[in-house]
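Here is a short walk through one structure.

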Amino acid sequence: MNINTLTHLCCFVAALFLAPLLPGIINKVKAFFAGRQGPKVTQLYKDLGKLIRKECVISSTSGGILKLAPSVILVFTVLSAMLLPAGFFMSPLKFEGDALLFFYLLGTCRIAMVLAALDTGSSFEGMGASREVFFSALAEAAVFAVLAFLALFSGKLSLSHMLCISGVDSWMDFTPVMLVIFSLFLILLAENCRVPFDDPETHLELTMIHEAMILDYAGPDLAAILYSSSLKLWIFAGLITSLLIPPGVFPVWGEILLSFGGIFLCAVIVGIVESSMARYRFLKVPPLLTAALVLPVIAILFYFFFQGGVQ
């Protein structure tokens, strides 16, 4: 086992253990801005421990999809995390085209969640599922626009090569990359059901989206969904961090610390965003996701006009 594989494996295991800290950091930042003490950063660990010791309750109107979905979501989220490079240590599972597999694994998790919500036979959860599909359809276009830019910029279709960019050495490289990073941050908020797209703490039935789809879950099944959500937030924060850290500038341990620190900083920024603005009305969400699509398109045009001309 070479040093790259060993380091990536250690970072992957650390990510599995540290991912539940991200929701705690977000809640702590929101509590700070609200002048409250708030829950502990490790609160999700305690919640997961309590849920694992409880019993699952499955509605008699549901089929097997409701029971199967949490396991599918957990496994596929972990598999997608294995394809994510740790800093600039490429995934040992990398191959040409794994970027498409990476996002389709996450997409499969969403499909499993939507099907499970429909399987309950509840019109309320069906309403949440329809909104989730609508927002994800808009976000998918932005995701593939980001992939198109990264593939063009790196010349590769492997996620590890696309994120470990080494050619950001001038403002003509830096400007389009920053546009893509901002687009990825909007996608992070949309894909993880954060403000302004959704409010994970809402209890108002008519505005719930993600929370509406998991109302029938309890015990270990709910624990698997909550943990998968925190790991998914870690994954998207890792995508942004990998594009921000300059490669080859810091030693091995420095790159790892910067990578993990950048992920925690993303959680802090999400907490600041949620403290400074409210959830948008549904009619305002499509224009915001359209902006997430337009930014990487502008980055692609910028690259063609400037970098294409230089070459």
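Two rings of Phe, Tyr or Trp (its six-membered ring) pair if their centres lie within 6.5 Å; planes under 30 degrees apart count as stacked, over 60 as edge-to-face and the rest as tilted. By that rule, Phe134, Phe135 and Phe282 are linked into a cluster by ring pairs. Phe282 also has a charged neighbour: Arg279 lies over its face, 5.3 Å from the ring centre. A charge sits over a ring if NZ of Lys or CZ of Arg is within 6 Å of the ring centre and within 35 degrees of the ring normal.

This is a predicted model: local features need pLDDT of at least 70, side-chain atom pairs count only at pLDDT 80 or more, and totals for chains, interfaces and linings use all residues. Residues are numbered from 1 along each chain as its sequence is written, and side-chain values use heavy atoms, with hydrogens and water left out.

The structure holds nine aromatic pairs. One of them joins Tyr104 and Phe144, tilted, with 6.0 Å centre to centre and 55° between the planes. This pair links distant parts of the chain, 40 residues apart: Tyr104 is in helix H5 (residues 98-119) and Phe144 in helix H6 (residues 123-154). Helices (H or I, at least four residues) are DSSP runs, numbered from the N terminus.

Conventions:
Helix = DSSP H or I, 4+ residues; strand = E, 2+ residues; numbered from the N terminus.
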